[in-house]
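Please read the following briefing alongside the sequence and the coordinates; it concerns a sheet, a helix packed on it and the surroundings of a ligand.

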Amino acid sequence: MLSRIFTAILVSVVVTSSVILILPGSWLPFLSLDTLHRAPSLAQRGATVATTPLEIVPISLRTREYWMREAVTALHGLVSPCPFAAFGTVIVNHTSPDDLGDPICIGANAMSSTGNPTLHGEIAAINNCTAVLTDPKGIYKLSPAEVIAAWKDLTLYTTAEPCPMCATAIRWAGFRECVFGTSIETLIRMGWGQIDLPSSEIFERSDALGTKTRLLQDVLAKETDPYFAWQFDGAATCPVDCERDSGAGTCVPTADNEVDL
Ligand SMILES: *[C@@H]1O[C@H](CO)[C@@H](O)[C@H](O)[C@H]1NC(C)=O
Ligand SMILES: *[C@@H]1O[C@H](CO)[C@@H](O)[C@H](O)[C@H]1NC(C)=O
Ligand SMILES: [Zn+2]
C-alpha cells in the first residue's frame with residue numbers, strides 16, 4: 001500500500017510537472033500502464049482523505065472495540081451466535097470522550113427471515129433506529145425532521161464493511177462515523193459473493209452531499225473475521241459458542257446454548 005501511494009505521488013509528479021525525471025530501472029516494474037492511468041486519482045484521493053479531518057471527540061480503541069463486540073452481540077440477540085449472514089450493526093451516540101456512549105438501536109441482516117434483499121444489517125439498523133427515535137411511546141419521541149438532523153451525531157458500528165448499497169445509505173444519512181470489522185476484500189477471499197467496491201470509494205465520491213462521515217476500517221477484524229470464515233470453508237473453526245453440525249456441516253449453537261433437555 002505504501003509503495004502504491006509512493007508510486008502514485010511519484011507518478012503524479014512526473015505527470016503534472018514539466019520536469020522530466022530519469023527513473024532508475026528498478027522502479028520501472030511499478031510503472032505499468034494501469035498504474036500510470038490510475039495514479040493521479042489515487043494521489044488525489046489520498047490528499048482528500050488527509051486534508052479533511054473531521055472535528056470529532058477522540059474515542060479510545062477500547063471503546064471502539066467494545067461497540068464492535070456489541071455489533072457481534074446484536075447477532076446473538078436477534079438471530080443466533082453464528083448466523084450464516086453474520087452482519088450485525090449497532091448505532092451509538094458518542095456524547096463525550098469519557099463515556100462509552102449511548103446505544104440507540106441494533107440491527108442484523110434480515111434477508112433470509114423476511115425475503116427483503118435490502119435488509120442488510122446496516123439498513124435494518126437504520127430502519128430500526130428511525131422507528132426507535134420516532135416512537136411516540138419511546139424515550140426520544142423525535143419528529144422526522146429531528147431524526148434527519150440526529151444522524152450527524154451518530155456512529156454506526158458494523159461487523160463487516162458496508163457494501164455499496166449500505167455505504168451509500170450511510171452517506172445519505174450523514175452519519176458522523178462508520179466503523180467496520182471485516183473488509184469486503186476479506187469477504188471475497190473467503191468466498192462471499194460481494195460487489196467489489198470499497199466503502200472508502202463511495203465515501204470519497206460523496207463530498208457533494210455536504211456532510212462528512214469518518215470511516216474507520218479493520219476494527220477488531222481478528223474477532224469479526226471468524227464469523228464469516230466458516231460458511232465456505234469446512235475446515236474453518238466455528239465462532240464462539242458454536243460447533244459444526246455433524247450432518248449439514250454448518251456452524252450451529254453448541255448444545256450448552258440450546259434449551260436444556
Ligand atoms: C446525542 O448526544 C448529544 C450530546 O449529548 C445530544 O445532544 C443528542 O441529542 C444525542 N442524540 C440522540 C439521538 O440521542
Ligand atoms: C431495534 O433496536 C432495539 C434497541 O437496541 C432492540 O431492542 C430491538 O430488538 C431491535 N429490533 C430489531 C428488529 O432489530
Ligand atoms: Zn450492505
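The points below are grouped by topic, after a note on conventions.

This is a predicted model, in which local features need pLDDT of at least 70 and side-chain atom pairs count only at pLDDT 80 or more, while totals for chains, interfaces and linings use all residues. Residues are numbered from 1 along each chain as its sequence is written, and chains are lettered from A and ligands numbered from 1 in the order in which they are written.

**Sheet**
- An open sheet of mixed pairing is formed by five strands in the order S2-S1-S3-S4-S5, where strands (E, at least two residues) and helices (H or I, at least four) are DSSP runs numbered from the N terminus, and two strands pair if DSSP finds at least two bridges between them.
- Strand S2 (102-108) and strand S5 (214-216) stand at the edges with a single partner strand each, so one side of each lacks a neighbour in the sheet.
- From one strand to the next, the twist averages 15°, with axes fitted to C-alpha atoms (for helices over the stretch in contact) and angles running from 0 to 180 degrees between N-to-C directions.
- Five bridges join strand S3 (residues 154-160) to strand S4 (residues 177-182) in the parallel sense, and Tyr157 stands opposite Val179 in S4.

**Helix on the sheet**
- Helix H5 (residues 121-134) packs on the sheet, touching strand S1 (88-93), S2 and S3, and its direction makes about 135° with that of S2; contact requires C-beta atoms, placed from the backbone, within 7 Å.

**Ligand 2**
- The residues around ligand 2 (C-beta atom, placed from the backbone, within 6 Å of it) include Leu78, Cys105, Asn128 and Val132.
- S2 and H5 are the elements giving two or more residues to this shell, and the largest share, four residues, comes from S2.

Note on methods:
Two residues are in contact if their C-beta atoms, placed from the backbone, lie within 7 Å.
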